[in-house]
Amino acid sequence: MINLPVSMNVDVSKLSQVFNSTSASYKFYWFIAILQLMTEKNDDFLSIHSILSRMVVNAWYPVNFCHLKLGASDRVGQVIHSLVNDCGYEVVLKRDRLDDKLNRADAKIRRTIGKLGEMVPYRFLSPWTGSFGRNACNRDFMMAAQNEANNTPYYFVTENGVKGIKFRRLWLDYFLRNNRILLDFAYFNLATYIQNRNPEASGLLFKIDYSQFESRPPLVRQHRFWDEYVQMRGFVHSLYSSTNHNSDYRYDLDHFMPWTFVAHNQIWNLTPIEDDLNSSKSNKLPSLSLVKELAKDHFGLFHYHFEKNRENEILLEYANLGEPIETLATMPVDSFIGVYEKKMTALHEAASSLGFADWKMPESLSV
C-alpha cells in the first residue's frame, strides 16, 4: 500500500478514493496519462484526445506483448485490438512513434480512441462531485467540476476549439511536486487490478510500466557466464537450430520462456541463439520438445560454474528451478532434465493460457 503525500492545500483523502470500486482499467490509465503529460507539456491544459492517446500508448505493451487481460468488458484492450486488427496499426510500433501517430490521427482513429473518453474523464471526479446515482450523466459531473467549492483537480474547458481539462493551480502544484509517488500509487493499484484478472502472470510492475521495461539491464553478466563455459567447451550450441558453432561465434542469448512472460533475466531460462532466429522467435513460445536439450546444455553450464565458484550469484539463480543448489549438484543428468521439464511445462501452460503464441522456426532461417 502506498500512502499519498499530505497537503495543507488540497484534499488528499478524496484523491485516495479515486480507485475505489473500480471494475475497469480506465481510471488507472487516465490518471497515469495525466501525470505523465502534465510534466511533459508543463501546461495547466491537456486535450482530452492527448490523454486518451496516452492511455492507449501505456496499455499497448502490456496488451500486445505481455498478453495481459484487462477485463472482459474493458474498452482499453478492445480499442487496442481494433487499432491493430481493423485500422492496420503495427504491433511493433515504438512508443514515441505510436504516441505521435495517435495524436496526429484522422477522424476514424479519433472516434475509435474517443470511446475511452465517454465516461472516465467525468467519473474520475466522483470522490469530489458525488456519483449522482444510477441516472447520472456526464453533464452532472461537468457542472459539479465547474463549482470551485468542490475543488476538483480539474474542470472541463474548450480552448481554440479543442476539448480538454484545465487543472486548478493548487492541484497542479501537488501533482507536479509529488509526480513520481503518485505514479507509483497509480501503478500499484493498476498492478493489483490486473493481477486479479491474470493470476498466472508474474513481474507485473515490469510489464505494465514501460519505463521499467526500457530500463531493464542488458545481459552482460549472463553473457560472460556463458562465454566462460563456451571457451572451456570449445563450441557454442544452439538448441533451436541443432548447430554447434565455433567458440568465437558471436551468439545472442534468448529467453527460452519469453521475457514478456517471466519478466526476469535469470540464467536458467537463457540459451544461446543465432541473431536472426532470435528476431524470429521474439516473444513466442518454443516447443516443449526442446526442453531436454535445454536442460543438457544447462547441466554442463551449471556444473562448470559450481566447481569453479558455488557462491556465484548467477549460479544461485538455479535454485529458482525449485531445488536447492546442493541438490541440483548431486543429480544425474536425467533427474536434472526432469526438473527442467517440470518447470518449463508449468511455465508453458501458464503462458499459453495468457495468449502467448507458439513459435516454429521458419525453414528460411534454418541454419
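# Close-up views of a predicted model

**View 1. V262 is a buried residue, with a relative accessible area of 7%.** Here, buried means under 20% relative accessible area, exposed means over 50%, and partly exposed is anything in between (1.4 Å probe, protein chains only). This is a predicted model, in which local features need pLDDT of at least 70 and side-chain atom pairs count only at pLDDT 80 or more, while totals for chains, interfaces and linings use all residues. Residues are numbered from 1 along each chain as its sequence is written, and side-chain values use heavy atoms, leaving out hydrogens and water. You will find V262 in helix α15 (residues 259–262); helices (H or I, at least four residues) and strands (E, at least two) are DSSP runs, numbered from the N terminus. Leaving aside residues up to four places away in sequence, V262 touches S202, K207, M257 and N269, where contact means heavy atoms within 4.5 Å. Look for A351 too: 89 residues separate V262 from A351 in sequence, but their C-alpha atoms are 8.9 Å apart in space.

View 2. Along the principal axes, its C-alpha atoms fill a box of roughly 75 × 45 × 35 Å. Of the 367 residues, 50% count as buried. Among contacts with a separation of 6 or more, 66% join residues 24 or more positions apart.

**View 3. Helix α2 (residues 26–41) packs with helix α10 (residues 169–177) at an angle of about 90°, with their axes 10 Å apart.** That makes α2 roughly perpendicular to α10. Axes are lines fitted to C-alpha atoms, for helices over the stretch in contact, and angles run from 0 to 180 degrees between N-to-C directions; under 35 degrees counts as roughly parallel, over 145 as roughly antiparallel, 65 to 115 as roughly perpendicular and the rest as oblique. Which residues of α2 and α10 meet? From α2 come F31, L35, M38 and T39, and from α10 come L172, F175 and L176. The residues of this contact divide into 6 nonpolar, 1 polar and no charged (Ala, Val, Leu, Ile, Met, Phe, Trp, Tyr, Cys and Pro count as nonpolar, Asp, Glu, Lys and Arg as charged, and the others, Gly among them, as polar).

**View 4. The buried residues of α10 are W171, L172, Y174 and F175.** Seen down the axis of α10, these residues fall within an arc of 165°, so they line one face of the helix. The arc is that of the directions from the helix axis to the C-beta atoms. Covering the buried residues are several elements, including α1 (12–15), α2, α8 (126–129), β3 (162–167) and α11 (179–197). For a contrast in α11, find N196, which counts as exposed at 58% relative accessibility. N196 and K69 lie 127 residues apart in sequence and 9.8 Å apart in space, C-alpha to C-alpha.

**View 5. Helix α14 (residues 220–233) has 14 residues and reaches 20 Å from its first C-alpha to its last.** That is close to the 20 Å expected at 1.5 Å a residue; the expected span is 1.5 Å times one less than the number of residues. Its buried residues are Q222, F225, W226, Y229 and V230. They fall within an arc of 130° seen down the axis of α14, so they line one face of the helix. Their cover includes β4 (235–238), β6 (252–255), β7 (270–273) and α17 (291–308). Turned away from the buried side is a face of α14 that carries the exposed residues R224 and Q231. Just after α14, G234 takes a positive phi of about 95°.

**View 6. Three residues of α9 are buried: F141, A144 and A145.** They cover an arc of only 100° around the axis, which puts them on the same side of α9. The buried residues of α9 pack against α7 (120–123), α8 and β2.

View 7. With a relative accessible area of 25%, N151 is partly exposed.
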